[in-house]
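Hi everyone, thanks for coming. Please take a look at the structure on the screen, and I'll walk you through a few parts of it.

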Amino acid sequence: MSEYGIGPGSSPALRSPGHGAWQREQGWQGYSFAFTFYRYDASGLFIGSQKVTATLELGASGDEFITNSSVEILDANGNKIATFCAT
């Protein structure tokens with residue numbers, strides 16, 4: 001998979017596109033995915049990466065979904081500096 005997200009008021013120069021993989025887990029509604037992207041400071045210096053691991057469940061109509069994600073922020077040496085969850 002590939003993804004690219006830029007928050008409101010953020011600069012596209014602060015992160016790379018994300019790359020990862022999808023996997024079907026159960027039936028046609030349950031999936032998991034994981035992706036990583038690289039982070040940069042305002043001067044373009046590599047400062048680390050961010051890893052997202054998530055589950056996704058499609059609604060009965062197939063037009064909506066719910067995700068639960070775990071996010072790890074890593075420094076330039078690969079050390080975990082923060083974690084959080086997202087839905």
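Let's start with D41, which lies in the loop between β3 and β4. Strands here are DSSP runs of E with at least two residues, helices are runs of H or I with at least four, and both are numbered from the N terminus. Before going on, a word on the source: this is a predicted model, where local features need pLDDT of at least 70, side-chain atom pairs count only at pLDDT 80 or more, and totals for chains, interfaces and linings use all residues. Residues are numbered from 1 along each chain as its sequence is written, and side-chain values use heavy atoms, with hydrogens and water left out.

D41 counts as partly exposed because its relative accessibility is 25%; buried means under 20% relative accessible area, exposed means over 50%, and partly exposed is in between, using a 1.4 Å probe and protein chains only. Leaving aside residues up to four places away in sequence, D41 touches L14 and I47, where a contact means heavy atoms within 4.5 Å. Now find G59: D41 and G59 are 18 residues apart in sequence, yet their C-alpha atoms are 38 Å apart in space.

Let's zoom out. Of the 87 residues, 25% are buried.

Next, Q50. Is Q50 buried or exposed? Q50 counts as buried, because its relative accessibility is 14%. You'll find Q50 in strand β4, residues 46-58. Not counting residues up to four places away in sequence, Q50 touches F35, T36, F37, R39, V71, E72, I73 and F84.

Q50 is also one of the residues that line the largest pocket, and F35, V71 and F84 are among the others. A pocket is an open set of points on a 1 Å grid over the protein atoms alone, where a 1.4 Å probe fits, with protein on both sides within 12 Å along at least five of seven lines; lining residues have an atom within 4 Å of a point. Which strand gives the most to this lining? That is β5, with four residues. At least two lining residues come from each of β3 (30-40), β4, β5 (65-75) and β6 (80-86).
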